[in-house]
Amino acid sequence: MRSTIETTSESSVEQRLERQLEELIASGPEPAATPASQIGTAAYTSPDRHRREVAAIAARPAPALASSELTEPGSFVTTELSGVPLIITRDRHGGVNAMHNACAHRGSTVETRPNGSARIFSCGFHGWSYQLDGSLRAVADAPLFSSEPCERGLQTVPCEERHGVVWVTARPTDDSPTVADWLGSEADELLTELGLGGMVHHATVDYDLACNWKLLTDGFLEIYHLKYLHRNSIAPYFPANLSRVERLGDHFLALLPKNRLVSTISEQPRERWEVLNGLTAALTLVPGTVVQWQAGHVELFSLRPDPADPGRTTARLTMLVPRDRAGETELWDRNWERVNVTIPDEDFAAAVDVQRNIAAGAVPVIQIGANEHCLVDHLAAVDDLSVP
Ligand code: FES
Ligand SMILES: [Fe+2]
């Protein structure tokens, strides 16, 4: 693997990317310096491993939705993360809150709509009500219920806005990290530089897939497949096998320059390069989130494993676009359509196909080339995750 991005010697992420792409283009695809290795396919099917991974995912921040989806005080969305039913709100002070969507009285679902605007939440079972931050507002017929005042509201969980995304830790422990701590300074700086915080929601879709969540991240960690799997879609825009994948703290960053950028870097002076406009950058955040930057927008993948089944994952794909260009709907709709052909029909379909063969016992091990070694590194990074 090439060296990790240094954070001290250069003034901006863009300059670092320029230097790295220049080196990459000059050196070309690297011949393997190590033999191929193997991954036992139990990594994608073992229930014990899956239980540990699900717990590690649930104890860390996950992207629940885009900040811009909670437009005003009272906006709310209901969702499920790591099997936990949640209401996520914007309160009167502009802050965000996440709470269990299960009544503190006898556990009924409090809010049944997928999203909307509310002043308070009222439980349909016995009429208890809650404020936007989950605190208990009123117990129905309180004098009949108890001789003492009740205080317990909805159970809240950590919820933070950062980089234009609402991150929620569905099953926190005492040591669960903040979003900044979990990202680490290098990934945090990259997301700042990419301007994620100035982006707004364009579209969201959920894909329910019959595969392990790691087979989905694997697709963002190697470019070996691009020229074959994507031969009828995006392959013509990229040089084959030319990518750089490296660690950003606990995470992985893959840089894929497009043909156009390769020519620009080879032929034009540095001030014309505009590297951020000519590359695809996929930041795989361990565990379970991928932020992919390309064509002026961001694709946010939130991989949500079925807590009980290692062979099932919901991949929530959200497209974010720059706030000041959000009105260019035709362009973004076209990009959205393209993303929703390439990734589900090609990458996701390949992952489901592989899982089927693994589950059939047809593939006891998979072979990992030196050019794919980040798959092994990613698996090791997942193994290193404790339940904090
Ligand atoms: S379960 Fe909600 S008020 Fe009784
Ligand atoms: Fe792909």
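What we have here is a predicted model, in which local features need pLDDT of at least 70, side-chain atom pairs count only at pLDDT 80 or more, and totals for chains, interfaces and linings use all residues. Residues are numbered from 1 along each chain as its sequence is written, while chains are lettered from A and ligands numbered from 1 in the order in which they are written.

Okay, the overall layout. Domain 1 covers 13–60 + 177–384, and domain 2 covers 65–162. Their C-alpha centres lie 34 Å apart. Where they touch, 12 residues come from domain 1 and 8 residues from domain 2; a contact here is two residues with C-beta atoms, placed from the backbone, within 7 Å.

Which elements give two or more residues to the domain 1 side? Those are helix 2 (47–58), helix 4 (179–193), strand 13 (199–209) and strand 19 (313–322).

Now, strand 15, residues 251–257. Why call it largely enclosed by the rest of the structure? Because 7 of its 7 residues are buried, meaning 20 or more other C-beta atoms lie within 10 Å of a residue's own, with C-beta atoms placed from the backbone. Both faces are covered: His 251, Leu 253, Leu 255 and Pro 257 are on one side, with Phe 252, Ala 254 and Leu 256 on the other.

Strand 15 has partners, too. It pairs antiparallel with strand 14 (residues 244–248) over 5 bridges, and by pairing I mean that DSSP finds at least two bridges between the strands. Arg 244 sits opposite Leu 255 there. The hairpin of strands 14 and 15 has 2 residues between the strands, and Gly 249 takes a positive phi near 65 degrees in it. Strand 16 (residues 279–285) is joined to strand 15 by 6 bridges, again antiparallel, with Phe 252 opposite Thr 284.

Last stop: an open, antiparallel sheet of 3 strands in the order 2-12-11. Strand 2 (62–66) and strand 11 (159–162) are at the edges with a single partner strand each, so one side of each has no neighbour in the sheet.

Look at strand 12, residues 165–168. Antiparallel to it, strand 2 is joined by 4 bridges, and Pro 63 stands opposite Trp 167. Strand 11 is joined to strand 12 by 4 bridges, antiparallel as well. Val 166 of strand 12 has Leu 65 opposite and also Glu 161 opposite. Both faces of strand 12 are covered, with Val 165 and Trp 167 buried on one side and Val 166 and Val 168 buried on the other. And in the hairpin of strands 11 and 12, which has 2 residues between the strands, His 163 takes a positive phi near 55 degrees.

Note on methods: Domain bounds come from an automatic or database domain assignment. A residue is buried if 20 or more other C-beta atoms lie within 10 Å of its own, exposed if 12 or fewer, and partly exposed in between; C-beta atoms are placed from the backbone.
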